[in-house]
Amino acid sequence: MNESIGSIQTAALAQIAAATDVRTLDDARVAVLGKKGTLSLAAAGIKEVPPQEKAAFGQLLNAARTAITAALAEKQAALREQADRAALAGIDLTLPARRVPVGSLHPLTLIRDQAIGILRRMGFALADGPEIEDEFHCFDALNTPADHPARNEKDTFYFDSGKLLRTHTSSVQIRTMESQPPPLRIIAPGSAYRRDEIDATHLSAFNQLEGLYVDREVSLPDLKGTLEYFFREMFGTSTEVRFRPHFFPFTEPSFEIDVKLQIKGQTPRWIEVAGCGMVDPAVFESLSQSRKDQAYDPEQVTGFAFGMGLDRLAMIRWGIKDIRLLIENDVRFLKQFA
Ligand code: DAH
């Protein structure tokens with residue numbers, strides 16, 4: 001009996017030593033330690049061992065199991081190390097790692113977020129409206145008559161349904177006033193569309209930011225103060241801002257806003273950045289009709305509105321000479337804003 005344990009151990013250690021991978025090593029383990037393994041069967045034979053030899057037999061059995069278990073563990077570690085080494089063969093761990101390219105925000109996103117940030121601090125809330133608009137919200141409700149040049153087939157994208165791609169974000173003024181009574185202080189950044197010939201300063205799809213403030217006793221000084229502050233936050237606290245009389249159908253009086261700026265490599269000059277004005281009472285009157293109430297009674301409320309081109313602000317801010325760069329997604333251009 002004792003001899004057979006000795007030979008089981010020798011055979012098992014030989015099989016373990018001969019194992020070439022995890023599979024054959026596990027076969028070896030099962031063959032000796034498994035339920036019907038050679039050592040397990042031998043251990044079951046302890047019943048037949050005479051009582052006085054049982055202790056010695058047991059010791060021998062334990063010693064064999066310990067030796068076999070240790071050999072298994074050692075061989076397993078050796079095989080694992082061998083597998084690791086094989087997996088890394090041909091890989092140079094001293095090579096510097098490949099850099100993961102990091103993206104950045106688009107200049108239009110940067111300028112839009114900055115504009116929103118400044119205006120939100122002054123209490124303006126975000127508003128939204130559809131880009132596929134009807135003529136009423138884009139023109140009629142904004143006091144823009146049917147024969148106004150902006151409504152020309154050549155200037156605007158019309159659908160067969162009679163709807164159109166909004167030519168400005170000013171339509172959001174009407175949509176917001178239709179659904180909310182005053183006081184109202186909103187901004188609406190978004191796309192606008194015109195049938196412009198595409199060149200260095202024109203795209204057929206561009207970006208605007210609209211603003212509207214309606215309450216009792218909103219006055220021209222409020223308009224001037226708000227927009228002067230806005231453009232000084234945008235372009236620097238000492239920036240000169242001027243209001244030049246102009247005409248828009250939906251504001252009276254109306255102005256264009258210029259800021260005096262020095263674009264990189266040029267002498268300082270006045271640059272037009274926005275349109276604005278006091279909401280024309282005709283706009284409020286039209287609202288009374290569509291709302292069927294007097295919430296926007298022009299005798300009670302006044303307001304100011306403004307609209308600016310975000311593409312243009314980005315071009316001024318970074319001295320971008322061609323507006324098309326903003327939509328070409330050339331990484332060499334975009335990564336300068338990272
Ligand atoms: N909607 C005008 C445009 O696209 C810009 C504008 C001018 C908006 C005056 C306004 C405003 O709200 O009061 O040219």
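Trainee: How far does a backbone N or O atom of phenylalanine 306 lie from an oxygen atom of the ligand?
Mentor: The distance there is 3.3 Å. The protein covers 89% of the 360 Å² of accessible area that the ligand has on its own (Shrake-Rupley method, 1.4 Å probe). Keep in mind that this is a predicted model: local features need pLDDT of at least 70, side-chain atom pairs count only at pLDDT 80 or more, and totals for chains, interfaces and linings use all residues. Residues are numbered from 1 along each chain as its sequence is written, and side-chain values use heavy atoms, with hydrogens and water left out.

Trainee: And which polar side-chain atoms lie how far from the ligand?
Mentor: One of serine 170 is 2.9 Å from a ligand nitrogen atom. Glutamate 210 has one 2.6 Å from a ligand oxygen atom.

Trainee: How many residues surround the ligand?
Mentor: There are 15 (a heavy atom within 4 Å of the ligand), and the closest include His168, Arg194 and Gln208.

Trainee: Which strands each supply at least two residues of that shell?
Mentor: β5 (205-215), β8 (269-279) and β9 (302-309) do; strands are DSSP runs of E, at least two residues, numbered from the N terminus.

Trainee: What is tyrosine 213 in contact with, leaving aside neighbours within four places in sequence?
Mentor: Among them are Phe124, Leu184, Val218 and Phe304, with contact meaning heavy atoms within 4.5 Å.

Definitions and conventions: Polar contact = N/O pair within 3.5 Å; in protein donor to acceptor, adjacent residues only side chain to side chain. Helix = DSSP H or I, 4+ residues; strand = E, 2+ residues; numbered from the N terminus.
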